[in-house]
Amino acid sequence: MKIKVKLFGSLTTVVPGYLPDKGLDVGLPAGSRAADLLALLGIPHPRLATLIADGRVLKPEDKLSSKSVINIFHVMYGG
Amino acid sequence: MKIIRVDMSKKSICVEDVPREYMGLGGRALTAAIINKEVPPKCDSLGPENKLIFAPGLLSGTNFVNTSRISVGTKSPLTGTIKESNGGGTIAAALGHLGITAVVVEGKPAPGEMFILGIDEKGEASLIKADDYKGMRTYKLMEKLIDSFGNKISVMCIGPAGEYLMKSASIQTSDVDDRPCRAAARGGVGAVMGAKGLKALVVDRRGKSADAIANPEAFKEAAKIFAQKLKENPFTGQLLGNFGTAGILAAINAMGAFPSYNATKGVLDGWENISGEALSKVMKERGGGPGHMGCAQCAIHCSNIFNDSKGKYVTSSLEYETIWALGGMTGIKDLDTIARLDFLCDDIGLDTMNTGVAIAVAMDAGYKKFGDGQAAIGMVEEIASGSEMGKILGDGPEAVGRHFKHHRIPAVKGQSVAAYDPRAMQGLGVTYATSTMGADHTAGNVFGLYMAKKLDPLKPEGQVAASRGSQIAMAAMDSIGLCILAAVALASPEAGAALVQAISAKIGRQLEGSAIAELGVRTIKMEKEFNQKAGITSKDDRLPEFYYKEALPPHNTVFAVKDEELDTTLAV
């Protein structure tokens with residue numbers, strides 16, 4: 001399946017040539033989970049990464065949907 | 001270790017050793033202790049019985065990173081509760097270098113009298129008449145103070161809003177570039193300073209009489225470990241330096257918790273124009289930039305400098321909460337306008353959050369249209385003019401709501417909420433409702449727990465415990481003088497141990513690992529005691545009714561934590 005991915009903060013430099021306006025179109029096997037996407041993209045400190053789709057924070061074991069835009073951040077805190 | 005006491009009624013100054021009962025306390029813990037013991041709880045917050053306390057943190061003035069935080073304590077004219085308004089800049093370090101544990105200002109001068117309190121490099125304090133500075137905005141004031149006192153000074157000062165005794169008045173403080181752009185902004189502390197007839201506190205930065213560190217080698221080692229852990233964390237080591245605190249905007253918006261158009265929506269259309277990423281790009285193009293060091297001892301550099309399209313300085317530092325209050329809440333999606341509003345608030349001496357939300361309530365009530373940047377600038381200038389409408393706006397969202405008879409007022413105990421909607425982040429609602437000082441995200445922010453997948457932000461379960469834990473930790477950080485962004489490093493056990501070790505090394509007594517939490521609990525207990533004596537009850541610990549009745553899109557949820565659960569939050 002194809003998934004639209006958007007990267008934020010320092011993660012925008014993880015994928016060479018990443019364009020924030022366009023995001024990424026990523027191909028993954030059907031049934032892939034959040035952790036699979038992080039591994040494919042080579043996100044550093046994956047334990048400290050957060051995926052948000054449809055307003056919800058995904059857990060590593062959550063299945064991905066091709067209908068959703070996946071936003072990826074490093075874990076952040078409010079000041 | 002000394003306390004400087006200034007009586008503005010008698011124009012007298014005395015210096016005393018720190019009394020035994022206040023020994024070992026700093027920052028917020030110290031201001032809580034002094035207010036609880038010395039201020040009559042039911043006093044007029046703008047009267048002579050109230051006190052205004054400036055207290056650097058326990059570690060301020062040492063070389064431990066990110067410890068130049070100052071606590072400004074008083075009884076708040078905005079909330080009627082005890083207040084600790086926390087600020088950065090350089091003054092906490094300056095006071096620490098002089099071995100000054102606190103400056104306590106009490107009494108009240110005759111109407112029209114105004115003074116500057118100067119503290120020289122030997123720690124000698126004096127009151128200087130400030131007639132020439134009356135009505136002056138803070139940037140001009142800062143220039144004049146440098147002309148008079150030299151360029152090795154740290155300043156805390158008020159602008160016109162403080163002199164007008166407005167409830168949104170801040171106390172501005174100077175950053176490392178001598179700009180009055182940091183603030184102890186919340187709770188109307190600037191109005192208390194105005195009521196005391198104090199235009200500015202000016203402290204020489206060249207002090208060399210800091211309190212001795214009992215075990216310097218152990219302190220140095222602990223400080224090194226903590227700084228290393230801070231650097232290793234992606235948030236404090238990379239994100240904040242590259243994007244500032246605004247780097248969290250996209251995530252909160254993506255979670256549907258970015259209060260927009262006076263808290264009627266949880267996602268802002270056009271948020272991309274004001275995100276941390278957009279801000280960083282614009283600043284770099286214009287020769288300003290993120291990665292600015294705003295506070296002494298800072299290793300994070302979350303501050304920034306925003307220039308206009310011609311490269312001319314507009315403001316520093318444009319923070320997440322400010323972008324939200326003056327942008328998301330008002331529907332203004334233009335960084336240049338938001339930056340201008342931020343500058344005006346700093347210059348006039350106003351809390352950007354209370355002011356932005358006041359403008360948003362006025363817009364929601366139909367006074368002006370959402371998104372009208374020029375109208376917003378006009379409203380802030382109206383505050384500076386001291387007109388009748390300006391006074392209403394300058395007193396914050398509740399005053400505006402009362403004036404327009406408008407029901408949707410996002411405030412608790414008179415103080416505006418922050419940039420996390422409690423219907424989509426229930427734990428922030430618990431903190432807003434139960435904090436000892438009105439709606440205050442810095443009192444106990446649990447956003448990081450949501451990002452770390454440890455708690456579902458939309459469900460009420462677990463939120464009270466999360467808020468309690470965070471409120472205790474933050475009370476301790478505010479007492480130690482550690483920037484709460486740097487507290488992120490405490491996610492590492494080594495950093496936590498290093499912090500305990502540093503405090504132990506400073507005071508010369510080995511503390512247990514539980515000491516930090518105990519400090520937080522002790523602080524909150526003192527604050528609660530004062531509030532109870534002031535007449536604050538659990539009925540005051542509630543969110544405004546609309547949060548329970550008006551569902552917030554896109555999740556269409558309301559605040560769902562039950563009252564009886566809220567009442568257990570700070571049963572510490």
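In which loop of chain B does N262(B) lie? N262(B) sits in the loop between α8 and α9 (276-285) of chain B. Please keep in mind that this is a predicted model.

## Two positive phi values

Most residues other than glycine have a negative phi, and most peptide bonds are trans. N262(B) has a phi near 50 degrees, a positive value in a residue other than glycine. Because 24 C-beta neighbours fall inside 10 Å, N262(B) counts as buried.

K413(B), also not a glycine, has a positive phi near 55 degrees. You will find K413(B) in the loop between β16 (411-412) and β17 (415-416) of chain B. K413(B) counts as buried because it has 24 C-beta neighbours inside 10 Å.

## Two cis peptide bonds

The bond from S316(B) to S317(B) is cis, and its omega is near -5 degrees. S317(B) belongs to the loop between β15 (313-315) and α10 (320-328) of chain B.

A cis bond also runs from P553(B) to P554(B), here with omega near 10 degrees. The loop that holds P554(B) lies between α21 (546-549) and α22 (563-566) of chain B.

## Where chain B touches chain A

The contact draws 29 residues from chain B and 19 residues from chain A. On the side of chain B that touches chain A, at least two residues come from each of α7 (234-243), α8 (249-254) and α17 (447-451) of chain B. The largest share of that side, 6 residues, is supplied by α7(B).

By residue type, the side of chain B that touches chain A has 18 nonpolar, 9 polar and 2 charged residues.

Conventions: Residues numbered from 1 in each chain as written. Chains lettered and ligands numbered in written order. Predicted model: local features only at pLDDT ≥ 70, side-chain atom pairs only at ≥ 80, totals over all residues. Contact = placed C-beta atoms within 7 Å. Helix = DSSP H or I, 4+ residues; strand = E, 2+ residues; numbered from the N terminus. Nonpolar A, V, L, I, M, F, W, Y, C, P; charged D, E, K, R; others polar. Buried ≥ 20, exposed ≤ 12 C-beta atoms within 10 Å, placed from the backbone.
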